[in-house]
Amino acid sequence: RFVRMSSNVKVVLKGLLLQRVFVHPSRVSLLVSGVLRHLKHDGWMCGVALVAPQEMSHINATYRLKGGPTDILSFPLHQTATPGRLPPPRFADEKNIGDIVLCPQYIFEQYSKGSYSIFNDDYKALLPLTPHTEPTLDMHIDRLLIHGVLHCLGFTHDNDDDYAAMRRRELRTLRAVYTHAYVPPASSPTAPPPTVLLDADDADAALDDFDDDANNNNNDDGGDDLVGGGDDS
């Protein structure tokens, strides 16, 4: 089946064969593009790298001097004194919020251990907007991607008040994304496949499918170096 991808959100796969969790790039692309539209940055570019734990550990150590992987890191391109309002781009290349690095396997491991259960009550209000009856791995991934976009737009959680405000904004944004179906619901023929666990053969097939989707959508899947100064979730 044909799944849509957004032209302004570039998704890069790194180390797919080293991980057992495959997040379909079309879901990431559509979700981040919808979030940018909702947050009044429609058409702004963003890079998202889906990496294995080893790669995330390396990035975490390089930019944050911390050992081991984490779920998500953000690398904002701009500095802003007003969260949510980036400076007007002077050139086309400046219409870019930055890069986000996501580690699906680490997220799955934390999800399996119940580490994200603190968000379950937040998700209850969203469940009527989805075909599911319980929070899913994809819902956690969607929230984390929103978290990463907010960091790139200047939002932080350096204290309890900022953390609470950012958490509320994440959930409002996720509700808006689901309400407007920026990610098509599972029943739609254009919906991206859900996140799945893979063995080695499945990983090969998933990579082939991604290449096909990228070619169909003229989406460049070549890797770019990440810019420094990552913000953690």
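Q: Which residue does arginine 143 form a salt bridge with?
A: In this predicted model, arginine 143 pairs with glutamate 170, and the closest N and O atoms of the two are 3.0 Å apart.

Q: Is arginine 143 buried or exposed?
A: Arginine 143 counts as buried, because its relative accessibility is 4%, under the 20% limit for that class. Glutamate 170 is buried as well, with a relative accessible area of 2%.

Q: How many salt bridges does a search of the whole structure find?
A: The search finds five. One of them joins the side chains of aspartate 138 and arginine 27, at 3.8 Å from N to O. Since aspartate 138 lies in helix 5 and arginine 27 in helix 1, that pair ties together parts that are 111 residues apart in sequence. Aspartate 138 and arginine 27 are both buried.

Q: Which residues are linked with Arg27 in a network of salt bridges?
A: Asp138 and Asp142 are linked with Arg27 in that network.

Q: What about arginine 37, which residue does its side chain meet in a salt bridge?
A: The side chain of arginine 37 meets that of aspartate 42, with 3.7 Å from N to O. Here arginine 37 is partly exposed, with a relative accessible area of 39%, and aspartate 42 is also partly exposed, at 47% relative accessibility.

Q: Switching to the nonpolar core, how many residues has the largest one?
A: The largest nonpolar core has 46 residues, and those with the most contacts inside it are Val32, Val48, Ile97, Leu145 and Val149. Among the elements that give two or more residues to this core are strand 1 (9-14), helix 1 (25-38), strand 3 (45-51) and helix 6. Helix 5 provides the largest share, with nine residues.

Q: Now the surface: which residues gather in a patch of negative charge?
A: The patch brings together Asp158, Asp160, Asp161 and Asp162. Of these, aspartate 158 sits in the loop between helix 5 (137-152) and helix 6 (160-179), and it counts as exposed because its relative accessibility is 69%.

Q: Last one, where does alanine 92 lie?
A: Alanine 92 is found in the loop between strand 4 (72-76) and strand 5, and at 60% relative accessibility it counts as exposed. Its C-alpha atom is separated by 9.5 Å from that of tryptophan 44, although the two residues are 48 residues apart along the chain.

Definitions and conventions
Residues are numbered from 1 along each chain as its sequence is written. This is a predicted model: local features need pLDDT of at least 70, side-chain atom pairs count only at pLDDT 80 or more; totals for chains, interfaces and linings use all residues. Side-chain values use heavy atoms; hydrogens and water are left out. Patches are made of residues with over 30% relative accessible area and no salt bridge: like charges are joined within 9 Å, nonpolar side chains (Val, Leu, Ile, Met, Phe, Trp, Tyr) within 5 Å. Accessible areas come from the Shrake-Rupley method with a 1.4 Å probe; for residues, only the protein chains shown count as cover. A salt bridge is a side-chain nitrogen of Lys or Arg within 4 Å of a carboxyl oxygen of Asp or Glu. Lys and Arg count as positive and Asp and Glu as negative; His and the chain ends are not counted. The place of a charge is taken as NZ of Lys, CZ of Arg, CG of Asp or CD of Glu. Helices (H or I, at least four residues) and strands (E, at least two) are DSSP runs, numbered from the N terminus. Buried means under 20% relative accessible area, exposed over 50%, partly exposed in between (1.4 Å probe, protein chains only). A nonpolar core is a set of buried Ala, Val, Leu, Ile, Met, Phe, Trp, Tyr and Cys residues joined through side-chain atoms within 4.5 Å.
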